[in-house]
Amino acid sequence: MPYCVKCGVKLDDFTPKCPLCMTDVINPDEPKEKADSPFPERVSIPEQKKRKYWAVIISVLLFLPSIVCFVVNLLLSPSTPWSAYVISTSVLLWILFAFPFMLKKKKPYLLIALDATAIAAYASVFFILVHSGEWFLELFVPLDILSLGVGLTLAKYFKKKHSRLHSIMAVLGAVTVFAGTTEAILQFTPHSIIFDCIAISIAATAFILFVLLSIADRNKHFKIWLTKNFYF
């Protein structure tokens with residue numbers, strides 16, 4: 001039988017408090033409740049801070065090798081600017097992967113325009129340093145402008161919510177236009193036959209899929225079946 005630790009009165013086995021002095025009865029055999037920690041176990045980082053953190057990490061990983069390569073190039077082989085390839089690649093990757101983390105809000109138009117400009121600048125570095133053929137002005141610049149137009153059109157289309165079926169159709173239509181226009185440009189420029197085959201194959205495949213999905217979209221029963229089974 002337990003006793004009160006303050007006044008020594010005998011207590012029942014299940015008495016929570018001493019009936020005389022109202023002192024709490026403490027049973028050493030009972031498991032103690034875990035006290036709440038004054039500090040949280042996991043630190044919650046705001047989303048914007050987390051995005052800036054990743055931007056800094058990516059920036060360090062990209063620009064540190066560029067600085068090292070530039071110094072080595074300057075000291076060992078200043079007549080051959082090979083570090084320009086590394087630096088331009090790092091700048092392109094930074095714009096593609098680090099810069100979006102620095103924006104507070106999503107700006108698809110700005111990102112698409114900036115990406116197209118960065119890719120054009122990246123290709124111009126190779127064209128200026130190598131200067132082999134007229135591929136930059138005859139092939140790359142038109143394709144870069146075309147990709148910019150297609151990207152901005154898709155960004156405008158996806159600003160509103162669409163069904164999954166219509167979204168896939170929009171992407172297939174964009175691929176058809178891009179690959180088809182690429183094939184038309186290749187017909188007026190000197191090129192390897194492999195690029196010709198790839199462009200026309202992609203355009204034909206995307207167009208056939210677009211037509212099939214368009215037919216499926218107009219067929220009410222098939223569209224219901226497609227929605228139930230594939231959540232389109």
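A residue is taken as buried when its relative accessible area is under 20%, a cut-off applied below to a predicted model.

**View 1. Ser-90, a buried residue of helix α2.** Ser-90 has a relative accessibility of 7% and therefore counts as buried. Its place is in helix α2, and, leaving aside residues up to four places away in sequence, Ser-90 touches Leu-62 and Ser-66.

**View 2. Helix α2, residues 83–102, with its kink.** The 20 residues of α2 reach 27 Å from the first C-alpha to the last, which is close to the 28 Å expected at 1.5 Å a residue, although the helix has a kink of about 40° centred on Ile-95. Ile-95 is itself one of the buried residues of α2, a list that also includes Ser-83, Ser-88, Leu-92, Trp-94, Ala-98 and Phe-99. The cover over the buried residues of α2 includes α1 (47–76) and α3 (108–130).

**View 3. Helix α4, residues 135–157, and the helices it packs against.** With 23 residues at 1.5 Å a residue, α4 should span 33 Å, and so the 32 Å between its end C-alpha atoms agrees with that expectation. A kink of about 25° lies in α4 at Val-141, shortly before the proline Pro-142. The buried residues of α4 are Phe-136, Phe-140, Leu-143, Asp-144, Leu-146, Val-150, Gly-151 and Ala-155, and these buried residues pack against α3 and α5 (164–186).

Methods. Residues numbered from 1 in each chain as written. Predicted model: local features only at pLDDT ≥ 70, side-chain atom pairs only at ≥ 80, totals over all residues. Heavy atoms only, no water. Helix = DSSP H or I, 4+ residues; strand = E, 2+ residues; numbered from the N terminus. Expected span 1.5 Å × (residues − 1). Bend = angle between axes of the 7 residues up to and from the residue. Buried < 20%, exposed > 50% of the residue type's maximum accessible area, 1.4 Å probe, protein only. Contact = heavy atoms within 4.5 Å.
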